[in-house]
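The text below works through some of the terms used for a structure, one question at a time. Please look at the sequence and the model before reading on.

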Amino acid sequence: MKPSYKTLSLFLLLCLVFITNTCLSKDPTSLVRISSPFQDLWLFSNIRLPRLLLAMLTGAGYGLTGLLLQTYLRTPLADANLIGLGSFAALGTLIGLAIGIQNSALLILCACFCTLLIPIFYHYFLQHRIGQTFLVLMGLCLTTFVQGLVSLLIYIIHQNFPLSEMLFWLFGSFGFHTLDDVMLILPPLTIGFLLLFHKRQQYNFLCLSNESIFASGIQLGPLGLRLVLGCTLILGPIIAMTGLIGFIGIGVPHVIRLLYHKPPSHLMIPCMIAGAILCLVADMLVRLLPLSYEINVGIFIALINAPVFIHLLWSRSHA
Amino acid sequence: MLNLHNLSCHLKDKPLLSNITVQASPGSFVGLIGENGAGKTTLLRTFTGLLQPSQGRSMLNNQCLLSLPAHRRPSTFSYFSMENTEIWHLPVHEILSLFNLDKHNPIATALDISILIHQSFHTLSSGQKQRVILALHLAKDLPLYVLDEPLNSLDHRHQHQVMRLLKQKADQGKIVLASCHQLDLVQQYCADVWLLDKGTLAHHGPTNQILRPAILKHHFGI
């Protein structure tokens with residue numbers, strides 16, 4: 001598959017945004033200044049680079065998983081949070097806080113372990129050959145149940161533990177992680193991406209009826225399980241580190257579909273690149289806004305991108 | 001030879017299909033008829049292995065369809081159904097190329113696909129969408145074609161055109177099994193008829209012996 005000029009343009013845009021992000025910083029008087037990343041190599045490699053890498057991995061992960069979940073579940077509203085990744089990770093983090101874990105790496109581990117329950121649930125659902133609509137409802141029920149548990153835990157432990165760390169996590173942020181943290185999550189991410197790219201042509205058959213897919217020799221159950229497992233391995237560690245960042249998984253695939261008019265297997269790389277661009281731009285803007293404090297990137301993405309997306313859909317539907 | 005033997009399917013304790021035993025030989029074009037809820041779609045899903053039968057077996061040329069490995073299905077049969085069909089905002093020519101179908105293919109030409117190729121699939125009428133999906137299925141060269149209500153959204157001319165294409169397939173030695181409600185077209189094109197009633201095979205045999213006034217009156221009230 002040769003990359004199209006649109007994909008090459010997106011990739012060049014990603015490079016441009018990455019370089020801009022590394023060169024722009026804010027001085028103590030809240031003014032943006034241009035600086036070379038090599039001026040302070042320690043600062044760059046320990047603060048800026050992990051943040052940029054995490055932002056790109058987050059965007060790529062959300063973009064890709066959103067596209068494939070929307071395709072598999074046949075709903076334009078699907079993203080990783082529909083199968084419960086956000087709420088399971090929140091539950092894991094809260095359980096970690098409740099049992100007194102202070103170390104952030106251990107909290108991440110707790111959240112990751114909790115998200116690994118998702119493929120186990122879906123393995124059970126998919127074994128019974130249930131339809132995609134039923135899967136969506138199951139996902140919603142599972143998410144609602146776990147969100148209820150999260151609220152219950154917050155209610156129980158809020159008097160004994162400071163929840164500022166939890167609240168900060170819920171708002172979503174790319175900061176406060178080292179290069180080692182990012183390296184730590186690369187192995188599961190690599191396995192996750194390989195799982196999602198394995199036999200990617202099969203996603204194209206999901207446009208047909210279930211009967212035709214069956215006759216095409218595609219087993220929806222194993223495909224669904226591979227998809228959920230891939231999503232969990234990619235986004236479990238990412239959500240555990242960055243907290244909840246919404247919208248990218250829903251918005252990016254829609255924009256890329258409008259831009260490309262191609263089947264899903266051709267949209268996987270563009271969705272990853274577009275997601276990475278979106279996160280890098282959002283991270284750059286929250287870093288450079290002339291405020292005395294930094295807004296969490298999760299809040300910023302929700303506030304800015306959702307209206308832009310509504311405008312885009314509105315103008316398209318009235319074109 | 002397609003051979004269904006004692007095929008039954010239950011949903012919990014409710015019987016959906018009961019003891020269906022019937023054969024279709026190569027070159028036969030079978031019309032599967034029956035009222036709504038008679039079990040036509042269930043029969044098609046069950047004998048191809050999509051639904052788990054509670055008993056019985058289905059064989060195609062001495063190979064069991066129910067235990068057919070997934071990778072051998074695409075070279076054995078195709079299954080047309082418009083239920084849950086979802087083609088994202090793709091132009092028709094992209095869909096054709098996705099399934100390696102040339103716009104000059106005789107099937108695509110016969111179904112007048114060439115005038116649609118620059119349109120986006122989601123802007124087509126339901127009948128036009130159905131023609132595109134039918135072309136994807138009929139362009140394959142397979143021993144068995146299973147079609148669940150292939151005529152439903154089509155106009156009169158294209159209903160005849162699809163039936164002619166299916167008859168051509170049968171004339172080439174393929175087995176074609178299509179469920180439909182258009183009894184006049186079944187009478188005109190199908191050599192054999194399987195008539196389902198409440199999950200049982202009420203009648204089967206040559207069309208002119210089954211589509212008799214007495215049988216039609218009894219099962220369809222017409």
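Q: Why is B:Pro15 called partly exposed?

A: B:Pro15 has 15 other C-beta atoms within 10 Å. A residue is buried if 20 or more other C-beta atoms lie within 10 Å of its own, exposed if 12 or fewer, and partly exposed in between, with C-beta atoms placed from the backbone. The value 15 lies in between, so B:Pro15 counts as partly exposed.

Q: What kind of model is this, and how are its parts numbered?

A: This is a predicted model, in which local features need pLDDT of at least 70 and side-chain atom pairs count only at pLDDT 80 or more, while totals for chains, interfaces and linings use all residues. Residues are numbered from 1 along each chain as its sequence is written, and chains are lettered from A and ligands numbered from 1 in the order in which they are written.

Q: Where is B:Pro15, and which residues does B:Pro15 contact?

A: B:Pro15 is in strand β2 of chain B; helices (H or I, at least four residues) and strands (E, at least two) are DSSP runs, numbered from the N terminus. Apart from neighbours within four places in sequence, B:Pro15 is in contact with B:Ser8, B:His10 and B:Gly199. Contact means that the C-beta atoms of two residues, placed from the backbone, lie within 7 Å. B:Thr200 is 185 residues from B:Pro15 along the chain, and the two C-alpha atoms are separated by 9.7 Å.

Q: What makes β1 (2-11) and β2 of chain B a pair?

A: They are joined in the antiparallel sense over 7 bridges. Two strands pair if DSSP finds at least two bridges between them, so 7 bridges meet the rule. Opposite B:Cys9 stands B:Leu17 in β2(B), and B:Asn3 has B:Gln23 in β2(B) as its bridge partner. The two strands form a hairpin with 2 residues between them, and B:Lys12 in the turn has a positive phi of about 55 degrees.

Q: Which other strands pair in this sheet, and how do you know that they do?

A: β1(B) and β4(B) run antiparallel and are joined by 5 bridges, with B:Arg57 in β4(B) as the bridge partner of B:His5. β4 (55-60) and β5 of chain B pair over 2 bridges, also in the antiparallel sense; there, B:Leu60 stands opposite B:Gln63.

Q: Why are β2 (14-24) and β5 (63-64) of chain B called edge strands?

A: The open sheet has 4 strands in the order β2-β1-β4-β5, with antiparallel pairing. β2(B) and β5(B) each pair on one side only.

Q: How do you know that α8 (179-197) and α10 (220-242) of chain A are roughly parallel or roughly antiparallel?

A: Their axes come within 7 Å and cross at roughly 160 degrees. Axes are lines fitted to C-alpha atoms, for helices over the stretch in contact, and angles run from 0 to 180 degrees between N-to-C directions. Angles under 35 degrees count as roughly parallel, over 145 as roughly antiparallel, 65 to 115 as roughly perpendicular and the rest as oblique. α8(A) and α10(A) are therefore roughly antiparallel.

Q: What is noted about phi of A:Phe247 and of B:Asp112?

A: Most residues other than glycine have a negative phi. A:Phe247 is not a glycine, yet its phi is positive, about 75 degrees. B:Asp112 also has a positive phi, near 55 degrees. B:Asp112 lies in the loop between α3 (106-110) and α4 (126-138) of chain B and, with 14 C-beta neighbours inside 10 Å, counts as partly exposed.
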